[in-house]
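Subject: Handing over the two-chain model

Hi there,

Here is the structure I promised to pass on to you.

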Amino acid sequence: MITIENLNFGYSEKRLLSISHMEIKEKQHLMILGKSGSGKTTLLHILGGLLKPVQGKVLIDGTDLYSLSGTEMDKYRGQNIGLVFQKAHLISALTVKDNLLLAQYFSGIPQDKGRIKEVLNTLNLGEKLNSKVRQLSQGEQQRVTIARALLNNPRLLLADEPTASLDDDNADSVIQLLKEQAENHNASLIIATHDQRVKDAFDLQLNLNEQ
Amino acid sequence: MNLFLLSWKYIKDKPLNTFLNVLLMGLGIAIILVLLILNSQLEENLSKNKRGIDLVVGAKGSPLQLILANVYHIDFPTGNIKLDEAKALTRNRQVKSAIPLALGDNYQGFRIVGTNHDYVKLYEGSLASGDLWKYNLECTIGTNVAMQLGLKIGDEFFGAHGLSDTDLDHDEASYKVVGILEPSNSALDNLILTNIESIWQVHEHTDEEGDEDHDNHDHEPVLGSAYETGLPEGGSDAEITSMLIQFRSAMGAVVMPRMINSDTNMQAASPAFETQRLFSLMGIGVNMIKSFAYIIIVIAGLSIFISLYNALKDRKYDLAIMRSLGASKTKLFIHVIFEGIIITTIGGVLGFLLGHGLVEFLTGLYEKSEAIGISGMVLVKGEFYVLLISVGVGVLASILPAFNAYRTQISKVLAQE
């Protein structure tokens, strides 16, 4: 489903990482491990269509991501890739509902309040529909970002350090939640983390420290 | 959800900031609009009232005062001139027509003007009902006079000496309303027109107060000697206030004023020249206030720019997230531009309401403003440019922040957490 070919990437010319070939099959999940500065966020951004690699190709379901034009790429990303970050980056001027409507609007799919309610309900956020983001707890905010990432039924769910600021119990449950939701939505889940507590959650691992 | 709504929600999220920016913008626009409304209406009305008058001849004094009193009926007359001297002047070859005026009385603040029917023709006045005056002490009144005082045809009233309504009444001879004019948006609307002899007659009564055996009881109406055109018959000491003169050719404008000012006891003033002078005098003040208003608008623009620019620092994550959700660069650009435009447009609309409201409020405060035909409830030329300016300021203030939003590097911003 996701194929990486001859990928070269890194912060600068000095420190380039390369992956000659890698494939993630349908419903397979990947854990990218590495300490800070190892390039895992960079790799995640490349897979998410946020950053053009120095060299190489990323194919998702046969679509060569970086052969798309800027606007096509934006649209593709909005419709097929869900992103979850360490901090819950929600738009605090808006309500929960508006944050999710925005995800539908920007990706160019029809705005559907029924779908929003449905996703919020699966994450136990049903009654927060009209709350302002500022009124939510940290945990609730992170679940809203997960809801937003899943809203458009993405093929690929990317999570960057989703557990870094959480305690042991919550770290575990967030990983379980992501995994569960990804499976419910038939999406592949890729998590980048340096968190030792969760590294064994998936069988498929890519350790950038060893490169 | 759409870009406009998104921008609007961001604006609503910072109500105080928005309020300040909208207020600044609104004040700037309001001041400019007030000036624009006053200036254009004043100019329009002044030029309408001086139409067809090449020269005003009256008693010596301030030429500007002569024009203001006899053409616009807003200042006091400079004095009187001898009827004989005025008559002599009308025989000059250069004079095409001359309309005599006799001022000095009022009724409830509206001026009573002794003149002839040419004066009505000068302003293309027409009758709404009744007739023009013919007999002495008959009068035809302007539309505002009829409306505000509730006068009807057949009503009688006593004029008061002077030009303000606090003066003593001439309670011997009463005027009788014989006609009411249609609105003409000129000086006619606020005047009570009658024969010059009527004015004389009223004043004679005052002069001979207590003279019981005078023809006080003689109410036989006397036909005016020149109610249609020309100057009335009068004794050697008869006086009028002024004469409105039209020249036969442009040559008159060259010869006549000098001749009148140096060879007679009268003074000649050109309405065109004097109003021009008035406007250039007022222009200095108007321009200063206008510059002040533009400075306020620039400050409003700057304030919007600064708040957008600062907000953008906090919002770079928001923008990066929007990009990651599929928003194109152009959409972010438009989103920020919208924010600027929405604020300045609200400011513009506020300024529009404030400006017109203020003029309307001021005209209510000063009675004279109605006499020169100023109202806040009209649109004037150039007003839409001002609203265009407000949208322009919005674009200008937000273009740099919008460009920054356009350039948001998603990956870099998101990796900075």
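Helices (H or I, at least four residues) and strands (E, at least two) are DSSP runs, numbered from the N terminus. Within this pair, A:Ile60 has A:Thr63 of S5(A) as its bridge partner.

Before going further, please note that this is a predicted model, in which local features need pLDDT of at least 70 and side-chain atom pairs count only at pLDDT 80 or more, while totals for chains, interfaces and linings use all residues. Residues are numbered from 1 along each chain as its sequence is written, and chains are lettered from A and ligands numbered from 1 in the order in which they are written.

**The sheet in chain A**

The two strands above belong to an open sheet of 4 strands in chain A, with the order S2-S1-S4-S5 and antiparallel pairing. Strand S2 (17-24) and strand S5 (63-64) of chain A are at the edges with a single partner strand each, so one side of each has no neighbour in the sheet. Two strands count as paired if DSSP finds at least two bridges between them.

**Where the chains meet**

How many residues of chain A are in contact with chain B? There are 28, and they meet 22 residues of chain B. Contact here means that the C-beta atoms of two residues, placed from the backbone, lie within 7 Å. On the side of chain A that touches chain B, the elements giving two or more residues are helix H1 (40-47), helix H2 (70-80) and helix H3 (96-107) of chain A. By class, that side of chain A has 12 nonpolar, 11 polar and 5 charged residues. Ala, Val, Leu, Ile, Met, Phe, Trp, Tyr, Cys and Pro count as nonpolar, Asp, Glu, Lys and Arg as charged, and the others, Gly among them, as polar.

**Chain B as a whole**

Chain B has 13 helices and 12 strands. Its C-alpha atoms fill a box of roughly 110 × 45 × 30 Å along the principal axes. The radius of gyration of chain B is 31 Å, whereas a compact globule of 417 residues would have one near 22 Å. That radius is taken over C-alpha atoms, and the globule rule is 2.2 Å times the number of residues to the power 0.38.

The domain assignment of chain B gives domain 1 (3-46 + 278-415) and domain 2 (55-269); such bounds come from an automatic or database domain assignment. The centres of domain 1 and domain 2 of chain B, taken over C-alpha atoms, are 50 Å apart.

An unreviewed UniProt entry lists residues 20-38, 292-312, 332-354 and 384-406 of chain B as "transmembrane region". UniProt positions are in the numbering used here, feature names are shortened, and annotations may be inferred rather than shown by experiment. In the model, residues 20-38 of chain B are 100% helix, with end C-alpha atoms 27 Å apart. Residues 332-354 of chain B are also 100% helix, and there the end C-alpha atoms are 33 Å apart.

**A buried helix and its cover**

Of the 417 residues in chain B, 44% are buried. A residue is buried if 20 or more other C-beta atoms lie within 10 Å of its own, exposed if 12 or fewer, and partly exposed in between, with C-beta atoms placed from the backbone.

Why is helix H3 (residues 63-70) of chain B largely enclosed by the rest of the structure? Because 6 of its 8 residues are buried; B:Leu66 and B:Ile67 are among them. The cover over the buried residues of H3(B) includes strand S1 (55-59), strand S12 (266-269) and helix H9 (271-324) of chain B. S1(B) and S12(B) run antiparallel, joined by 4 bridges, and B:Val57 stands opposite B:Ala268 in S12(B).

B:Leu137 is not a glycine, yet has a positive phi of about 70 degrees. B:Asn185, also not a glycine, has a positive phi of about 50 degrees. Most residues other than glycine have a negative phi. Are these residues buried or partly exposed? B:Leu137 counts as buried because it has 23 C-beta neighbours inside 10 Å, whereas B:Asn185 is partly exposed, with 13 other C-beta atoms within 10 Å.

Enjoy exploring!
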